[in-house]
Amino acid sequence: MAPKSKSNQDPNFKPGSKVEIMSDEAGFRGSFYIGTVVKATRTPEFTVRYEKLFEDEEGTKPLQETVNEFQIRPIAPREKKREFKFSEEVDAFHNDGWWEGVITEVNENGKFAVFFRSTKEQIEFVEEDLRLHREWVNGEWKPPLDGEEEKGEIEEVKEKGNKQDSRKKKKLSEEDENEVTKEVKRRVSEKVPNTTPVKPIESLKDVKFSKGMLVEVSSDEDGFKGAWFAASIVEPVGKDKYLVEYKSLRTEDDSGFLREEVNTMHIRPPPPQTVVVDHFKKLEEVDALYNDVWWVGVVSKVNTFPKYVVYFKDNGEELEFKHSDLRPHQDWINGKWVAPSHALKL
């Protein structure tokens, strides 16, 4: 199902409109950067100019790109003051962009540990660098903002004297550059030391999977972000890697089920089935079973029971599912299953 076109008639995306732009590049997925619409056409593409990302090292030529319609949205609103809680879905401001994550620790020093699904990393943030996570669905923010709105302009968020003449896109973490494309490497060539304390997630590498164990495997490939494939462990392969055999993916010649070496950070046990849900609510985060794969989405509409419409933010699509093809979304963090809070239901 194709997403509805924003079209050049949408006042939110006319030339000159401030927007947030979702990056679709390896190492940056799940992040949004502030920019301006330069050109809107009758096609599903927009030309945008970034506000804090530049083509040149001097920082005089803002980066300009053509992006797909599902990659842009208005500036997300945020509360002037909010008491963040454990397991809340948030956006964290880091390296000039907003990254989606979940709060895994509320520390006594007023800081919050945030876990990022896209990189399987955990970083500590102050309250000023967080905002409640919202989705732009069918022209509306979900959940809506209660009270006075504070626009998410970078200047209003970052008043800490952290000024740099030329900023490049940087990954959430500056590690594992061998997995980043040459183009991304060019953009991060001028690195700024990252002083944000990073808490290592030991369990990601310490978890031992035994031969024959049923697991779920994620992928970084385009078109498969947010998808979890059923598989089983064949054997360990070197350090932090396992050979897995998928339950639904076949080899090209259809001679058997596909086998692949996968890093531990992309492997997790199947979620526990102890959570029984009679019905799902609007804006509840779920996993939807589609083509034998579990995809992370949000319930955007509750149809006549037992059917629901689920929105997938990575491609802007909405699909209808039966109740039996949905399960409550949970994250495998620090060796434990964590269910997102009901933040999206407020």
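This is a predicted model: local features need pLDDT of at least 70, side-chain atom pairs count only at pLDDT 80 or more; totals for chains, interfaces and linings use all residues.
1. Confidence in the model. The mean pLDDT of the chain is 77, and 76% of its residues reach 70 or more. Over residues 148-168 the pLDDT stays under 50, although for this stretch the model has 61 contacts beyond four places in sequence. Residues 342-346 also have a pLDDT below 50, and here the model has 13 contacts beyond near neighbours in sequence.

2. Nonpolar cores. The largest nonpolar core has 28 residues, and Phe46 and Leu130 are those with the most contacts inside it. Two or more residues come from each of several elements, namely strands S1 (18-22), S2 (31-40), S3 (45-54), S4 (62-68), S7 (89-94), S8 (97-106), S9 (111-116) and S10 (121-126); of these, S3 gives the most, with four residues. As background, nonpolar side chains tend to be buried together in soluble globular proteins.

3. Burial of strand S7. Because six of the six residues of S7 are buried, this strand is largely enclosed by the rest of the structure. Glu89, Asp91 and Phe93 point one way from S7, while Val90, Ala92 and His94 point the other way, and all are buried. In a regular strand, side chains alternate between the two faces of the sheet.

4. Pairing of strand S7. With S8, S7 pairs in the antiparallel sense over six bridges, and valine 90 has glycine 101 as its bridge partner in S8. The two strands form a hairpin with two residues between them, and in the turn asparagine 95 has a positive phi of about 50°. S7 also pairs with strand S11 (residues 130-132), again in the antiparallel sense, over three bridges; in S11 the bridge partner of valine 90 is leucine 132.

5. A search of the whole structure finds 14 aromatic pairs. In one of them, the ring centres of phenylalanine 93 and tryptophan 98 are 5.2 Å apart and the planes stand at 70°, so the pair is edge-to-face. Both phenylalanine 93 and tryptophan 98 are buried. The charged end of arginine 131 sits over the ring of tryptophan 98, at 4.1 Å from its centre.

6. An aromatic pair between distant parts of the chain. Tyrosine 290 and phenylalanine 321 form an edge-to-face pair, with 6.3 Å from centre to centre and 80° between the planes. Tyrosine 290 lies in strand S21 (residues 285-290) and phenylalanine 321 in strand S24 (residues 317-322), so that the pair links distant parts of the chain, 31 residues apart. Tyrosine 290 counts as partly exposed at 39% relative accessibility, whereas phenylalanine 321 is buried, with a relative accessible area of 5%.

7. Further ring contacts. Phe224, Phe229, Tyr246 and Trp295 are linked by ring pairs into a cluster. Arginine 250 lies over the face of phenylalanine 257, at 4.6 Å from the ring centre.

8. Serine 232. This residue lies in strand S17 (residues 227-236). Leaving aside residues up to four places away in sequence, serine 232 touches Gly212, Met213, Leu214, Val215, Leu243, Val244, Glu245 and Lys247.

How values were computed
Residues are numbered from 1 along each chain as its sequence is written. Side-chain values use heavy atoms; hydrogens and water are left out. A nonpolar core is a set of buried Ala, Val, Leu, Ile, Met, Phe, Trp, Tyr and Cys residues joined through side-chain atoms within 4.5 Å. Buried means under 20% relative accessible area, exposed over 50%, partly exposed in between (1.4 Å probe, protein chains only). pLDDT is the predictor's confidence in each residue, from 0 to 100. Contact means heavy atoms within 4.5 Å. Two strands pair if DSSP finds at least two bridges between them. Rings of Phe, Tyr and Trp (its six-membered ring) pair if their centres lie within 6.5 Å; planes under 30 degrees apart count as stacked, over 60 as edge-to-face and the rest as tilted. A charge sits over a ring if NZ of Lys or CZ of Arg is within 6 Å of the ring centre and within 35 degrees of the ring normal.
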